[in-house]
Amino acid sequence: MGPLRSKKRRPTFRRLLKTSDMKLENKVKNRQLKQQNVAKKQRKEQKRMRQAMKGAALQMPRPLETYRKRPEEEEEEEEFLESLPTDMMDEEDLQQMTAMARKASFITRDLSSCGPVHSSKKRSADVVRSYEKIPRKMAKMEEKELIQLLPIKDKSGVIPRCIERVKRYPNEVEEEEEEELAETPEQEDNEGASPSFMELTPEQREQFRVQALNIKKQRIASLASTIISDPLNNMKRVKELRGMMMEADPSVAVSVRKMVMVSLMEVFKDIAPTYRIRPLTPAEKNTKVKKETQQLREFEESLVSQYKFYLEDLEQTIKDWKQKKRKRSQVVSFQSYRSLAEVSVRCLCELLLTMPHFNFHNNIIVTLVPLMNDPLKTVSDMCCDAFRKLFQEDRVGGASLATVRVISGLIKSLNYSVRPEMLRTLLSLRIKEVEMKKDLEATATKKKFMTNKEKKKNLSRMQRKWKKAEEKLEKELLEAEASESKERKTKLHTETLNIIFLIYFRILKKAQKSVLLPVVLEGLANFAHLINLEFFDDLLNVLQNLIQSGNLTNRESLHCIQTVFTILSGQGDALNIDPMNFYSQLYRILMRLHAGAPNDDIIIVLRCLDAMLTRRRKQVTLQRAMAFLKRLSTLSMHVMPNASVGILAANRATMHSFSKCDFLLDNEIQGSGFYLPELDEPEHCNAQNTALWELHTLQRHFHPVVRRFASHLSHGAPSDGSSALSVELCRRSPLELFEDYSVKDMTFNPPVAPPASKKKDQFVVGAALLDDKLQKQVDSILNAAEDTQLDFTAAQH
């Protein structure tokens, strides 16, 4: 027979897993019990130590008298001791007594106890331990106080030491403190200056200030260059440079602090990495890493901490100026805090633009957004320009979203009483694509992804493994490249736009009479193509009520009209809305514009005409188009030359869209009635019964491009032939022509030729105009008349 088989079954995989879990739990429990036992033992030892210290303090012998004897009693005691006979004790007894006196146990031993004085083992340790139990307080005298010093350990034992300190009365202490306080301001004022600084003349003081300032400049430059040359090993220099922001020399304090602020800003811009530094987790701190990695971690940690302290210093400078705190008034005057605060704001704005990826960027935004509403125009403009550049340079949208959130909260907290420039900065946002409900439904993924069951059914084990590895690798590559996906960008832009519309709708609902209404209407006109369909009906009703109220200016009314037609030209084309009222409003506003009004209003007019006539030409009647064509031709005679060029270009586009508008180039009357130029209804003004006589007047305009367009339109705006426009003028839109021929710099574009100079005819003597024969005849007649005496009476007879 073979060997007997073991009846013990082989454990299954589940049982092994269960067993390993139990072992792990047991190990954890044993470790916790050991820790509890160790903590318990430590508590017991501490308790025993406290009891021993308490017993030593109770057994300490105390002197019976603490008062000093009188001088008379001391002299009597010395005489008595000298009178005692010295032969009563042997020399051996004296030596024994002196040896016992040197031992600490002889002094500190309690005579009532019968225990041994010293143990045979660890004698030196017991001596030190017994000395440690002695309290450090000595008996106080009336006038002197003993100060306990460190003892001296000798072969014979421990020898205590102390010195006397004379007791000072409160009056003396107060006098010394007053002297110190009186000396400190003088030291602060004259720190870094010569002792005879106050005796110098103003010219010498200025020279001394220049010398001190040059020394500080060299120090700042050397520290900054040292930091930039090797940031990993010279981060301590940043702290030293930051300490110069608290310069105490009043002659150069303001200048030095400004230079340090700007220098630190440039240093951080150079040494900061191109990524955000995150704090290390406890597990990462405990793991062992290479020396280079540890050095890099220490550098990043110190960089973040110093950058944080620097931002706090800048913010504190601004707060001190805003709250009008007169701190450090002996060093920096309160009037100088304004200039320091302006430099701090400039540094924060620069860091906002150059380091949007680094730590504490949101903290900078929170600090600068309230300053956009500052009463001081320089600070407000500085912050508004910084955020305007940030919006234009922000490609992803994270910084823009954070800024818009803070602006929304600030406007709401201040009850909409903010400067319009704060809202005008939102027009610089680069938002072109957002997620709308229509787009979400159209772009919804119709592909049915495989479930886990289908993957197991259709893919093998190796295929699933490879697919999982590929997805992980792609994710790591995206993180390494730091490439932002289009979906994340669209999501951020959508959230930003929602907050912007929330701000605009709140102001339209609660603060229609505030100064923010023009900016809100301009913003709605700018982002109208991104508004969801849900808000169209309510928004159109609100805008129509605002226009009909008559409280809006021309520019505000034009913004309302632009918003309406931008909506109707985009997603609102499916809505059954008749905008006849808005056509009438624009037709009425055109007569209010002239060269004395702001020329920028023509830009909005050109945008409205493009949306109302060109894009919606199928919904516009011929009567309405002819009425606008006639009124725009009249308007072109009363505006600046670049506005005339833009309006005539819009008329050209209208004549191409409505070919029957060439009726206005004839003198014949089409239909009944007369043209009513003052009527504000384009459908009923009988524009077909007039002619564009303004084009003949504009052909004698001083601007050459205006003359060219007027001649082109008077011939019916042909596409070819001698009256056709050049290719450059044909391809440009009205808005581009308006910008190209702008007169903002008070110069004509192209330059207008000066009028031809008319020289006066030179007056010449009459003799130069006659021939020789004729001249001789005239001379002879004149001479004969002088020689002869004429008799006029004979002629009468």
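A salt bridge is defined here as a side-chain nitrogen of Lys or Arg lying within 4 Å of a carboxyl oxygen of Asp or Glu. Side chains of opposite charge can pair when their charged atoms come close. The structure is a predicted model, in which local features need a pLDDT of at least 70 and side-chain atom pairs count only at pLDDT 80 or more, while totals for chains, interfaces and linings use all residues. Residues are numbered from 1 along each chain as its sequence is written, and side-chain values use heavy atoms, with hydrogens and water left out.

A search of the whole structure finds 22 salt bridges. One of them joins Asp313 to Arg242, with the closest N and O atoms 3.5 Å apart. This pair links distant parts of the chain, since Asp313 belongs to helix H11 (residues 291–322) and Arg242 to helix H8 (residues 236–243), 71 residues apart. Helices (H or I, at least four residues) and strands (E, at least two) are DSSP runs, numbered from the N terminus. Both Asp313 and Arg242 are buried, where buried means under 20% relative accessible area, exposed means over 50%, and partly exposed lies in between, as computed with a 1.4 Å probe on protein chains only.

Helix H11 also holds the pair Glu315 and Lys319, which are four residues apart and therefore separated by about one helical turn. Their side chains meet in a salt bridge with an N to O distance of 3.6 Å. Glu315 is partly exposed, with a relative accessible area of 28%, and Lys319 is likewise partly exposed, at 39%.

A further salt bridge is formed between Arg278 and Glu284, whose closest N and O atoms are 2.8 Å apart; Glu284 is partly exposed, having a relative accessible area of 22%.

Turning to the backbone, Phe360 has a phi near 65 degrees, a positive value in a residue other than glycine. Phe360 is located in the loop between helix H12 (336–354) and helix H13 (361–368). Asn686, although not a glycine, likewise has a positive phi, of about 60 degrees, and is found in the loop between helix H27 (641–657) and helix H28 (694–698). The relative accessible area of Asn686 is 22%, and this residue is accordingly partly exposed.
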